[in-house]
Amino acid sequence: MPPSVPLLGFHPLEPALAAAADALHRSCPSSPRRAVLRRARALHALLVVSSAPSAPWPTTFVVNQLLALYARLSALPDALALLRSTPRPSVVSFNTVLSVLSRGSPRHPPHAAFRLFAQLHASGLRPTAPSLCALLRAAGASRDGRAGAAAHSQALALGFLASDIVPTALLQMYCECGAPRDANQVFDEMPTRDVVAWNCAIHCSVRYGYLARALGQFREMVRCGLAPTESTLSSVLSGCARAGDNRGGRVLHGWVVKSDELDPDTPLQNALLGMYSGCGDLDTALRVFDRIETPDLVSWNTLIAGFSGAGDGWNAMVAFVRLKDMPFGEPVAPDDYTVAALVSAAAALPAMHSGMPIHAQVVKSGFESSVFVGNTLINMYFTNDRPESARVLFDSLPEKDVIMWTEMVAGHSSLGEGELALKYFISMLQEGYKVDSFSLSSALNSTAELAGLKQGEMLHGQVVKSGYEANICASGSLLDMYAKNGALEGAYLVFCTIQKRDLKSWNSMIGGYGNYGNSEMAFKLFGEMIRELQPDHVTYISLLSACSHCGLVEKGKFYWFCMMTDGIMPGFKHYSSMVSLLSRAGLLEEALDLLMKSPFAKKCPDLWRILLSSCVALKDLSIGVHAAEQALEQDPDDMSTHILLSNLYAAAGKWDIVAEIRRRIRGMMVEKEPGLSWIEIKKMVHVFSADDECHTQIDDCRAELLRLKGNMQLLNTSENELLLSG
């Protein structure tokens, strides 16, 4: 039998246990985690089974060594079990476990650190600076600003704000909790600032978009005599990329090249690559990339995303092929970010030639269930006018997020499929997703195109309920919806509630009044707008359209002159409104001269049809025939031009030519697509077209039309009698 171990407490075993724990610590980098953890648990078991009720517990030195080993292995349950079984744990014991808890795990969220900190207090031990740092790290990891503020108060009460590490932990906590102003205040109140504190402050400023402050902090850091590290420069370069400050980024690049103290590591080189890509300088970005000795996945993703952001889809694909065909070193496997950037690049290219093969590559690589990749694929299909493919993909994805639903609403809205856009918007609400300003704006745009005032009013309620009344995107679309539906009072009320009106808001309001015949109000609003903003081409389309609707020739000529003076080149819609204005006013020669000088004379038959229509009304055969010839030269099979030409000859009494044109129309075997009108009654949309006999209440509709016609005849008779009697 083996000799019995004398029960002299743990003193005889402590040196051996300490040595064993130390050896396990040293073996961690080279040994498998599972094997080290198994041996650590064996040591823990030896502590337990070798104890006796009368024997003293080992010194906390051995316990702390084993706790540190568990912490290094992220074995949180084992660390907690050892801490609970230790009769008299020291503050170091608590700090070791607090440090692990503050990082969080699936079974132990960061908030568990607060409960352990309360136990530390209850044990009678005084927390130390590392205790507070762990507590602040837990608050930051859980994004709990109130808990972080409580920990801040605790640090103040315990006098730790003068320490070297607690203020920096406070700075990091406020940054993680989305409170950059509080972080900046902590930084300003720090008595001494080391490089870590400066790096945290700069990173926080960049993260929350305070780019000028970040650059100012960097300059102040240099003036204080502190040498920036690779981490410092990476943060500042990221700020330059977000601000599009290519010049500042180049200065920092020069700093990196000239500095003897800096050793540009891969993260710093990636930051340089990201800066040049973000600023659109892809030639320099490519040179930086080629100088990276061993590009990692971040390098490749940054390069591909840079090409994608610049709309250079082919070079993005070339970079992806290079990534897939790397001939040496460890292969770099693309991730979902790589694939998403590649799909975004392919959106600018024909879907049949590039996007669909990439979709096949997505499936082959196993990323078909990625929500991130799915969003970019759906966007690609909508960009390439393939909504049916987008719907098939959307239906096949097992998981969907709010961005994907919004993409479906916005995509169908942008392609003029308003009914489908509203269908997906309603489904999105029914699924319990919270709508944002972008999805609301897209749904409102759809109701504007569908002339669905009732649906638009319901969406207005949703805007108010969701708290987006002050959002410029949602309020602008709301205004546009009311204006396009002719509800100008509602549009003006929304317009008055917008505190900072953008150009879209002014244009919608001016266009609304112009399209519905209130030219005076449109001109008045234009006068108010130019005091704040410079008009654009859409503004002048609205003004010229208002002049055309109201027959204001001189006013139209004045705004045409203003547009040219502002340096805005007239587009098709500008010429369309102006030709319509002049020709309706009987100035056919002037309209013809303007049309002939336009860049659209040889490629837009619609302009000639506008002129031809006025020639029919004014019975001007010469200009009308010329306009018809020009329109038919560009679009020989256009039915409306043939019909207008027939009407022109009929107005001139040339019936033989009329008969010939009508025979030609019948020979074309083209059926004119009927125009449609619709009305919504009691949540049902009723659609009508010419010669439509399908409606279930067609007899009632005809009876009502006859009644209205009779009332109009009676009204005309009454007015004539009054005039005669007067």
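By class, the lining of the largest pocket has 4 nonpolar, 7 polar and 5 charged residues. Here Ala, Val, Leu, Ile, Met, Phe, Trp, Tyr, Cys and Pro count as nonpolar, Asp, Glu, Lys and Arg as charged, and the others, Gly among them, as polar. This is a predicted model, where local features need pLDDT of at least 70, side-chain atom pairs count only at pLDDT 80 or more, and totals for chains, interfaces and linings use all residues. Residues are numbered from 1 along each chain as its sequence is written, and side-chain values use heavy atoms, with hydrogens and water left out.

Back to the pocket. Its lining has 16 residues, and Asp-480, Lys-484, Ser-508, Val-538 and Ser-542 lie nearest the centre. Two or more lining residues come from each of helix 25 (437-449), helix 27 (472-484), helix 29 (503-515) and helix 31 (537-550). Helix 29 gives the largest share, 6 residues. Helices are DSSP runs of H or I, at least four residues, numbered from the N terminus. A pocket is an open set of points on a 1 Å grid over the protein atoms alone, where a 1.4 Å probe fits, with protein on both sides within 12 Å along at least five of seven lines; lining residues have an atom within 4 Å of a point.

Next, the core. The largest nonpolar core has 205 residues, and Val-97, Ile-378 and Leu-611 have the most contacts inside it. Helix 7 (residues 129-141) supplies the largest share of this core, 8 residues. A nonpolar core is a set of buried Ala, Val, Leu, Ile, Met, Phe, Trp, Tyr and Cys residues joined through side-chain atoms within 4.5 Å; buried means under 20% relative accessible area, with a 1.4 Å probe and protein chains only. Leaving aside residues up to four places away in sequence, Val-97 touches Leu-67, Leu-76, Ala-79, Leu-80, Leu-83 and Leu-116, a contact being heavy atoms within 4.5 Å.

Now the cysteines. The count is 0 disulfides, a disulfide being a pair of cysteine sulfur atoms within 2.5 Å. For Cys-175, the nearest cysteine sulfur is that of Cys-204, 3.6 Å away. Cys-175 is buried at 4% relative accessibility, and Cys-204 is buried with a relative accessible area of 4%.

Last, Asp-638. Asp-638 sits in the loop between helix 36 (621-634) and helix 37 (639-651). At 14% relative accessibility, Asp-638 counts as buried. Asp-638 touches Arg-609 and Leu-632, not counting residues up to four places away in sequence.

How values were computed. Buried < 20%, exposed > 50% of the residue type's maximum accessible area, 1.4 Å probe, protein only.
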